[in-house]
Amino acid sequence: MSANSGAESRPQPSGPSRSSSPAYRPWRHRLALVTLGATLCLIFAGGLVTSTGSGLAVPDWPLSYGMLMPPMVGGIFYEHGHRMVATGVGFLTLLLAVWTAIDEPRRGVRRLAWAGLAAVVAQGVLGGLTVLYLLPPPVSVAHACLAQTFFCITIALAYAMSREWLWASAPRADVADVRGAALSATGFVWFQLFVGAVMRHMGAGLAIPDFPLAFGRVIPVFENAAISVHFVHRLGALIVLAFVVRLWLAAHRSSEPLFKGPSNLALGLTLGQIALGATSVLTAKAVTPTTLHVATGAALLGTCWFVALRAIRLARPTRLAAHGRPVAGAHGVA
Amino acid sequence: MTLKSLPKLVLILGSLPFAAACGGGSEAPKPAEAPAAAPLAAPASGSGSITGTIAFDGAVPAAEKVKLTADPKCAAMHKDGLERQPIHVKDGGLRDVLVYVKSGASGAYSAPAEDVVLDQRGCDYTPHMLAMVAGQKLKIRNSDDTLHNIHPRPQLNTEFNVGQPRQGMESEKSFDKPEMLIPVGCDVHPWMRAFISVLANPFFAVTGEDGRFEIKGLPDGEYEIEAVHGKLGKDKAVSGNVTVKGGEAATLDLTLKG
């Protein structure tokens, strides 16, 4: 996802000159994009840990078997590998936060960068706690959900630092519908990821072993919580599809071409995500589809969130333009 | 089930976080508590014994080849490969069956002073079925030149996860409550699996290569004996009654079905 792609390939919006906006910092923006990409890799690595059952292959924390670098064998490869990627993301986030604090005139963006740093630290602590307390489901679920939330923060930061955000000018028509559809899709996808995390960490991934039916029925007998959670996750997939189709329709009805690409991506990711979920069940949770299911869920959330941010920005770019300088807190990050 | 059941589903969904907080859903198997001895009676011992064979009736599954490439040191220990055969049958007898006095032993038995040892050797556990008395010390040893973590998943006792990164390391643990078939695993080497059973009395044995067992030190009395195998699980346990008289050996043969 490139926050710049649309702005670079199309004519720049008319309105205030570039000099009236906060200066575009290409290297800081690139760092934000790298942090975003690394975070998606981190979510994939975290999914691998759970899919391979390696969550407790390293029993201590913050060191690993008392070492900084244990032999990368067996389950340690996944668990310690996840810790290494997480450390990298932590350093990237720290660098981004400090750089933004020094260089960024918009108070909202500075705060968001610090919030990202706080989130990544909290995420590391949750990861440590879940190891030390032998994977208690509430902590593991919180770890999974904060990962998705942090990913959204990195997207917001990268977009707020992009030329598209900085140079947006006149409000666009036909944006409100897309904004509402994208925000509601983002909210429900996040909820669906929460249910997925609960299902995953309570070991209910195969509680309903067949697909598309459930024990040969449309609606199964809810004998236990595992079956219920699993079924809610399946039901949630259909609701997500409905939300994303609504977003896709809104984007394609809008006269603004910038929404079409990401909405196509969101629809494709949703269909792929459903296929991956089905494959995960039918292969008895094979590592590859199960892990891709986690990462694709994050990518879908991020895409919907990006469309929402873009719609928010394009709907109300004029506060920045009218004052000729950034308005702290406007539109959430500007 | 019709759409009428949806409100129930919504209710269950509402309790989702609480269900998760309780460590999972109600599908979790109920912990198997080993039969406890009467707490106030004095423990009895004798010179009687029960011997016999545990046979296996069923198709023996093909051995699974273990992929050792994840740890080159494990691969080097098994140059011809490693096979896992959890149902090990020889001459009709089933190995690694825990045979124990389920009822008939009265008294509160203290834990024996000697340790039981679970060894990690050749990237495998020795033994695969380990039985001990509640409170007895369990010594966990790493005989391999690679690292292992030891992670039992009990339901009644306290779960732990200990790393042993160096060869020759030993850890001491114990389980306070009787509990059957606690699965033990190494998360570094997922093929490593064993079972620990914690019993309330010392009258138990684990079958050898040929499925034979001998429970020693029994006082005279009538006993219910149960045989349980880790892979087959508690649901397929079988039991039988036997009487020990005059300190002599009694015989009991049982058959576990696959």
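Q: Which residue is the bridge partner of His229(B) in β19(B)?
A: In this predicted model, His229(B) has Gly233(B) of β19(B) as its bridge partner.

Q: What makes β18(B) and β19(B) a pair of strands, and in which sense do they run?
A: Two strands count as paired when at least two bridges are found between them. Strand β18 (residues 221–229) of chain B and strand β19 (residues 233–244) of chain B have 8 bridges, in the antiparallel sense. A hairpin of 3 residues links β18(B) to β19(B).

Q: Why are β8 and β13 of chain B said to stand at the edges?
A: The sheet concerned is open, has 4 strands in the order β8-β7-β10-β13 (chain B), and shows mixed pairing. β8 (125–126) and β13 (170–174) of chain B each have a single partner strand, so one side of each lacks a neighbour in the sheet.

Q: How do you know that β7 and β8 of chain B pair?
A: The cut-off is at least two bridges. Strand β7 (residues 116–120) of chain B and β8(B) have 2 bridges, in the antiparallel sense, so they qualify as a pair. In one of these bridges, Gln120(B) has Tyr125(B) of β8(B) as its partner.

Q: What is the strand order of the open sheet of 5 strands in chain B?
A: The order is β9-β15-β14-β11-β12 (chain B), and the pairing is mixed. Its edge strands, β9 (129–133) and β12 (162–164) of chain B, pair on one side only. On average, neighbouring strands of this sheet are turned by 25 degrees against each other, direction ignored. β9(B) and strand β15 (residues 193–199) of chain B pair in the parallel sense over 5 bridges, and Val198(B) in β15(B) is the bridge partner of Met132(B).

Q: Why is α4(A) described by one word of direction relative to α5(A), and which is it?
A: The axes of helix α4 (residues 107–132) of chain A and α5(A) cross at roughly 160 degrees and come within 9 Å. Angles over 145 degrees count as roughly antiparallel, so α4(A) is roughly antiparallel to α5(A). The crossing is left-handed. The contact of α4(A) with α5(A) comprises 18 nonpolar, 8 polar and no charged residues.

Q: What makes α5(A) parallel, perpendicular or oblique to α10(A)?
A: Helix α5 (residues 137–160) of chain A packs against helix α10 (residues 287–315) of chain A at an angle of about 40 degrees, with the axes 10 Å apart. Roughly parallel requires an angle under 35 degrees, and roughly perpendicular 65 to 115. The pair is therefore oblique. This crossing of α5(A) and α10(A) is right-handed. Among the residues in contact are Phe151(A) and Ile155(A) of α5(A), and Leu301(A) and Trp305(A) of α10(A). By class, the contact of α5(A) with α10(A) has 10 nonpolar, 2 polar and no charged residues.

Q: How do you know whether the length of helix α2 of chain A agrees with what it should span?
A: At 1.5 Å a residue, the 26 residues of helix α2 (residues 26–51) of chain A should span 38 Å, and the end C-alpha atoms are 37 Å apart, so the two values agree. Just after α2(A), Gly53(A) has a positive phi of about 65 degrees.

Q: Where is Pro62(A) placed?
A: Pro62(A) lies in the loop between α2 and α3 (74–103) of chain A. The peptide bond from Trp61(A) to Pro62(A) is cis, with omega near 10 degrees.

Terms used:
Residues are numbered from 1 along each chain as its sequence is written. Chains are lettered from A and ligands numbered from 1 in the order in which they are written. This is a predicted model: local features need pLDDT of at least 70, side-chain atom pairs count only at pLDDT 80 or more; totals for chains, interfaces and linings use all residues. The expected span of a helix is 1.5 Å times one less than its number of residues. Axes are lines fitted to C-alpha atoms, for helices over the stretch in contact, and angles run from 0 to 180 degrees between N-to-C directions. A crossing is left-handed if the near helix is turned anticlockwise from the far one by less than a right angle, and right-handed if clockwise. Two residues are in contact if their C-beta atoms, placed from the backbone, lie within 7 Å. Ala, Val, Leu, Ile, Met, Phe, Trp, Tyr, Cys and Pro count as nonpolar, Asp, Glu, Lys and Arg as charged, and the others, Gly among them, as polar.
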